[in-house]
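Biologist: Hi! Could you walk me through this one before we set anything up?

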Amino acid sequence: MSGYDMTGGLATTSKKNIVGNSLGFIKNNFVVIAFIALIIFGSIASPAFLTVSNIKTVLLQNSIYAICALGMLFIVITGGIDLAVGSYVVVAVCFTAGFIQEGRGWLAIILVAVMSIVFGLISGVLVAYAKVAPFIATLAMMTILKGIAYIYQVGQNRRIDGTFWPEFIQGNILGIPSPVFILFIVYIIVVFMLKKTKFGRGIYAIGGNSETARLAGINVKKYLVITYSLGGLLFGMAGMILAGRLSMGTATVGDGYELDAIAAVVVGGATLSGGVGSPTKTLIGAFLIGALGNIMNLVGIASYPQMIIKGIIIVAAVLMNRDN
């Protein structure tokens, strides 16, 4: 009798392990499973979804969001957040167009990159040294940057048609659309930094437990400043690419970029409490959201219901990641 019970107990335990392992696998690979399911659904819902031209459109339209998401990933891993992403983008759009229009050439790109780093550095100093909550520090930065963009723009859009930058961004590099190629390079660098460098290991440690990281010899404040500066650089880079695609600078773009960046990071498995996050899954998360929007456009779903569906996807991702 006892032998029978033992066998039954082992069988029950085995079933529990299988169920537990299966749920764990689904949680750890939620974004990949969801992305594959979305591709299958999209190919059934619309014959146009898997055409080369549509795939190219999705890659181009979402490469800018994906670069923002990779910038946000650095910050989220430390347990922080940056609400000023859209404002970085709009400032970069306006100043890139303005500097190029003034004849600064490639120096315009360098100047905007430096500006973006400086803005990120200020946010980092506020968070790390002044102990301002990331939400508040970046909310203030969001307002400041929007004000700077509108003051610089002075109600006039700056066209940069026929100059090197739109031609470069709207062209190809090695047969790949320039924004997608730039995204690929950025992704490789982010993977290297997070997986192979002391800095990458450090920000994961800070996100896991900042006090433990400090006791382990990590300069937490310096790492936080660098993290927000890197985020600023990538947000600014996204704005420079957008300026090239639009062939103009306007202060009316950039709204909602922060939400898309945060959504891509969260859907990609990162937790807002810090310590967890993958550049590959973030990239998949960005294109999952982009592909979802593309499918909804193809099947004729209006923009407001699209917002509801995207919100549901984000909530589902948060629930799936909650126990990771």
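Modeller: Happy to; here is a short tour, and keep in mind that the model is predicted.

Biologist: Which residues touch the most other members of the largest nonpolar core?
Modeller: That core has 95 residues, and the ones touching the most other members are Cys-68, Leu-70, Met-72, Phe-74, Val-91 and Leu-194.

Biologist: What does Leu-70 touch, leaving out residues up to four places away in sequence?
Modeller: Its partners include Leu-183, Val-186, Tyr-187 and Val-190, and also Leu-234, Pro-279, Thr-282 and Leu-283.

Biologist: Changing topic: what does UniProt mark as "transmembrane region"?
Modeller: The unreviewed entry lists residues 30–52, 64–85, 105–128, 135–153, 173–194, 223–243 and 283–304.

Biologist: How much helix is there over residues 105–128?
Modeller: That span is 96% helix with 0% strand, and its end C-alpha atoms are 35 Å apart. Residues 283–304 are 82% helix and 0% strand, with 25 Å between the end C-alpha atoms.

Biologist: Where does Leu-121 sit?
Modeller: In helix H5, residues 106–128. Leu-121 counts as partly exposed because its relative accessibility is 39%, between the 20% and 50% cut-offs. Beyond four places in sequence, Leu-121 touches Val-225 and Ser-229. Its C-alpha atom is 7.8 Å from that of Gly-232, which is 111 residues away along the chain.

Biologist: And which phi does Lys-131 have?
Modeller: A positive one of about 60 degrees, although Lys-131 is not a glycine. Lys-131 is in the loop between H5 and helix H6, and at 61% relative accessibility it counts as exposed.

Biologist: Is Leu-174 buried or exposed?
Modeller: Exposed, because its relative accessibility is 75%. Leu-174 lies in the loop between strands E2 and E3, with a positive phi near 55 degrees.

Conventions:
Residues numbered from 1 in each chain as written. Predicted model: local features only at pLDDT ≥ 70, side-chain atom pairs only at ≥ 80, totals over all residues. Heavy atoms only, no water. Core = buried A, V, L, I, M, F, W, Y, C linked by side-chain atoms within 4.5 Å. Buried < 20%, exposed > 50% of the residue type's maximum accessible area, 1.4 Å probe, protein only. Contact = heavy atoms within 4.5 Å. UniProt positions renumbered as here; feature names shortened; annotations may be inferred. Helix = DSSP H or I, 4+ residues; strand = E, 2+ residues; numbered from the N terminus.
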